Amino acid sequence: MAGPVAPEEQRFCLQEVLDTFKLCLSENEEVSLEHYVAGWRGLVKFLNSLGSVFGFISKDAVNKIKILVGHLDGENGPKYVTVQSMVKYELASDLVDLTKRGNHPESGCRTLLRLHRALRWLELFLERLRTSSEDSKTSVMCAESYNESLAQHHPWLVRKAAGMAFCVLPGRPAFFEVMNVGPPEQVVAMLGEALPLISEVYQVTETLYAQHNLLDLP
Ligand SMILES: CCCCCCCCCCCCC/C=C/[C@@H](O)[C@H](COP(=O)(O)O)NC(=O)CCCCCCCCCCCCCCC
């Protein structure tokens, strides 16, 4: 017998979230900020479903999402339609602190950069999950991915706290279950489809930021 239907937010499926990253890229390789933010919202929901230990991480992500939504919904919203237009607009209008923190601590450029770096972590972690075996440890895969990416931008205390949170990640079977995609083979297949799209969004943003020397924004 089928159980009671879970409320909408508990039934979400990671595939839908990863699919939003597909919507991010337009034909001319521009990254839609609205879809980018929607992708992150879904990931945060997933993170929250893993437990309150991850609260400090999701809180920071939510803050960043809010800042970007504020720009999107603000009076200059049309300038924030794509990451490309945002970069162009904020640089041309001197709205970015380029070398040290100053008058623009909430620029779209520096805020998105934080999520962009986290997207690299996601790419590395999902690739490890995809190629993992039944007895692989999610905590180890997560820590390795973090050390190769985000950790390089975090101070000691944040790295320590993140490392502690990783330890309580559920094991691979339970983790796959929370993803709510289906049996492990299906999770692996879904990841195989989603990953190239996530990498592409990452690469396009990375190239854009590199071209404008924005990869180290304070
Ligand atoms: C599944 C386990 C999830 C582990 C998440 C790994 C990422 C660990 C990041 C730890 C960040 C700690 C919070 C503090 C961050 C800030 O200091 C720091 C710098 O900001 P600032 O320059 O404004 O000060 N912020 C950041 O680097 C942004 C972090 C954003 C992290 C978002 C992580 C979302 C994770 C989504 C999980 C989805 C997993 C899906 C897998 C199937």
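Which of the 19 residues around the ligand come nearest? In this predicted model, Leu43, Asp60, Ala61, Arg114 and Ala118 hold that position. Two or more residues of the shell around the ligand are given by each of helix H2 (33–49), helix H3 (55–73), helix H5 (108–131), helix H6 (138–148) and helix H7 (156–167). By residue type, the shell around the ligand consists of 16 nonpolar residues and three charged ones, with no polar residue.

Ala162, Ala165 and Phe166 are the buried residues reported for H7. Viewed down the axis of H7, the buried residues fall within an arc of 100°, and therefore they line one face of the helix. The other side of H7 carries exposed residues, namely Trp156, Leu157, Lys160, Met164 and Cys167. The packing partners of the buried residues of H7 are H3 and H6.

Phe166 illustrates the buried face of H7 in more detail. This residue of helix H7 counts as buried because 20 other C-beta atoms lie within 10 Å, and 20 or more is the criterion for that class. Apart from neighbours within four places in sequence, Phe166 contacts Ser139, Cys142 and Ala143. Between the C-alpha atoms of Phe166 and His154, which are twelve residues apart along the chain, the separation is 15 Å.

A second pair of residues has that spacing in sequence. Asp97 and Cys109 are also twelve residues apart along the chain, and their C-alpha atoms are separated by 9.2 Å. Asp97 is placed in the loop between H4 and H5. With 17 other C-beta atoms within 10 Å, Asp97 is partly exposed. Its contacts, leaving aside neighbours within four places in sequence, are Gly102, Asn103, His104, Pro105, Ser107, Arg110 and Pro218.

Attention then turned to the nonpolar interior. In soluble globular proteins, nonpolar side chains tend to be buried together. The largest nonpolar core of the model contains 48 residues, and those with the most contacts inside it are Leu33, Tyr36, Trp40, Val83, Cys109 and Ile198. The greatest contribution to this core comes from H5, which supplies nine residues. Tyr36 touches Cys24, Val31 and Val83, when residues up to four places away in sequence are not counted.

Val83 is also part of helix H4 (residues 83–92), in which Val83, Met86, Val87 and Glu90 are buried. These residues cover an arc of only 95° around the axis, and so they are on the same side of H4. The buried residues of H4 pack against H2, H5 and H9. Just after H4, Asp94 adopts a positive phi of about 55°.

Positive phi values were also found elsewhere in the model. Most residues other than glycine have a negative phi. Glu29, however, has a phi near 65°, a positive value in a residue other than glycine. Glu29 is situated in the loop between helix H1 (14–24) and H2, and Glu29 is partly exposed, with 14 other C-beta atoms within 10 Å. Asn180, likewise not a glycine, has a positive phi of about 60°. The loop between helix H8 (172–179) and H9 contains Asn180, which is partly exposed, with 17 other C-beta atoms within 10 Å.

Helix H9 (residues 184–211) includes Gln203. A residue is classed as exposed if 12 or fewer other C-beta atoms lie within 10 Å of its own; Gln203 has 12 and is therefore exposed. The C-alpha atoms of Gln203 and Arg120 are separated by 9.3 Å, although these residues are 83 residues apart along the chain. Ala210, also found in helix H9, is exposed as well, with 10 other C-beta atoms within 10 Å. For Ala210 and Glu34, which are 176 residues apart along the chain, the C-alpha atoms are separated by 22 Å.

Definitions and conventions:
Residues are numbered from 1 along each chain as its sequence is written. This is a predicted model: local features need pLDDT of at least 70, side-chain atom pairs count only at pLDDT 80 or more; totals for chains, interfaces and linings use all residues. A residue is near a molecule or strand if its C-beta atom, placed from the backbone, lies within 6 Å of it. Helices (H or I, at least four residues) and strands (E, at least two) are DSSP runs, numbered from the N terminus. Ala, Val, Leu, Ile, Met, Phe, Trp, Tyr, Cys and Pro count as nonpolar, Asp, Glu, Lys and Arg as charged, and the others, Gly among them, as polar. The arc is that of the directions from the helix axis to the C-beta atoms. Two residues are in contact if their C-beta atoms, placed from the backbone, lie within 7 Å. A nonpolar core is a set of buried Ala, Val, Leu, Ile, Met, Phe, Trp, Tyr and Cys residues joined through C-beta atoms within 7 Å.
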